[in-house]
Amino acid sequence: MNIKAMQVGPIGTNCYLLEDARQAAVIDPGGDASRLLAALEGAEVRYILLTHGHYDHTGAAAALAAAFPQAAVYIHEKDYRDVDPGLFPLRTELSSVNFYGEGDRLTLGGLELQVLHTPGHSEGSVTLRCGDVLFCGDTLFAGSCGRTDLPGGDTAKILASLRRLGELEGDLRVLPGHMECSTLGRERQVNPYLRQAMRGGF
């Protein structure tokens with residue numbers, strides 16, 4: 001498994017290029033399509049995976065889908081159908097999408113990605129688990145968590161999602177949608193939102 005992180009788009013969203021056995025997935029292509037296309041040159045891109053539908057995580061999805069027509073675009077249905085198209089522009093940009101949700105699994109080379117529905121930042125936010133790695137989108141950050149004041153945000157739900165992540169076994173790697181990476185062990189110790197959630201603060 002090889003993971004490359006790139007900061008893309010106007011607010012530096014973390015986009016992750018996940019590769020295994022010559023197959024690739026792009027997680028949260030938030031912008032800078034030309035840079036992403038250059039980084040993916042020669043790769044067999046199977047998936048374009050979105051942790052949620054906000055524009056800063058999806059800005060280059062349409063361009064990548066056009067460049068890699070064999071790649072399946074996945075998003076949670078709630079972030080595709082139910083909310084403000086100003087924040088969630090994919091309905092007008094993509095002609096074909098696939099929906100994933102809680103418990104779904106995707107294979108990439110010899111890897112398996114498991115979908116955890118972790119709402120709160122948005123109704124359709126998901127965390128993608130691949131082995132000991134959590135691609136958390138805007139649910140869990142290093143020392144913080146995603147905002148809940150946008151349409152579809154819900155403080156009680158994000159605390160429940162944080163508690164769920166915090167209770168996962170092991171010191172998993174946390175790869176968030178913004179800022180630096182971390183581990184669950186560190187976040188259990190220092191993240192005030194995760195600590196509140198694990199104390200039942202919701």
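Ile 48 sits opposite Val 73 in S5. The model is a predicted one, so to speak of local features takes a pLDDT of at least 70, side-chain atom pairs count only at pLDDT 80 or more, and totals for chains, interfaces and linings use all residues. Residues are numbered from 1 along each chain as its sequence is written, and side-chain values use heavy atoms, with hydrogens and water left out.

Strand S4 (residues 44-49) and S5 run parallel, joined by three bridges. Strands here are DSSP runs of E, at least two residues long, numbered from the N terminus, and two of them pair if DSSP finds at least two bridges between them. An open sheet of six strands runs S1-S2-S3-S4-S5-S6, with mixed pairing. Strand S1 (2-8) and S6 are at the edges with a single partner strand each, so one side of each has no neighbour in the sheet.

Another open sheet, also of six strands and mixed pairing, has the order S7-S8-S9-S10-S13-S14. Its edge strands, S7 and strand S14 (182-183), each pair on one side only. Within it, strand S9 (residues 126-130) and strand S10 (residues 133-137) run antiparallel, held by three bridges; Cys 130 has Val 133 in S10 as its bridge partner.

On to the aromatic rings. Rings of Phe, Tyr and Trp (its six-membered ring) pair if their centres lie within 6.5 Å; planes under 30 degrees apart are stacked, over 60 edge-to-face, the rest tilted. That rule gives four aromatic pairs. Tyr 74 and Tyr 100 make a stacked one, 5.3 Å centre to centre with 25 degrees between the planes. This pair links distant parts of the chain, 26 residues apart: Tyr 74 is in strand S5 (residues 72-75), Tyr 100 in the loop between strand S6 (98-99) and strand S7 (105-108). Together with Tyr 47, Tyr 74 and Tyr 100 form one aromatic cluster.

Key. Helices (H or I, at least four residues) and strands (E, at least two) are DSSP runs, numbered from the N terminus.
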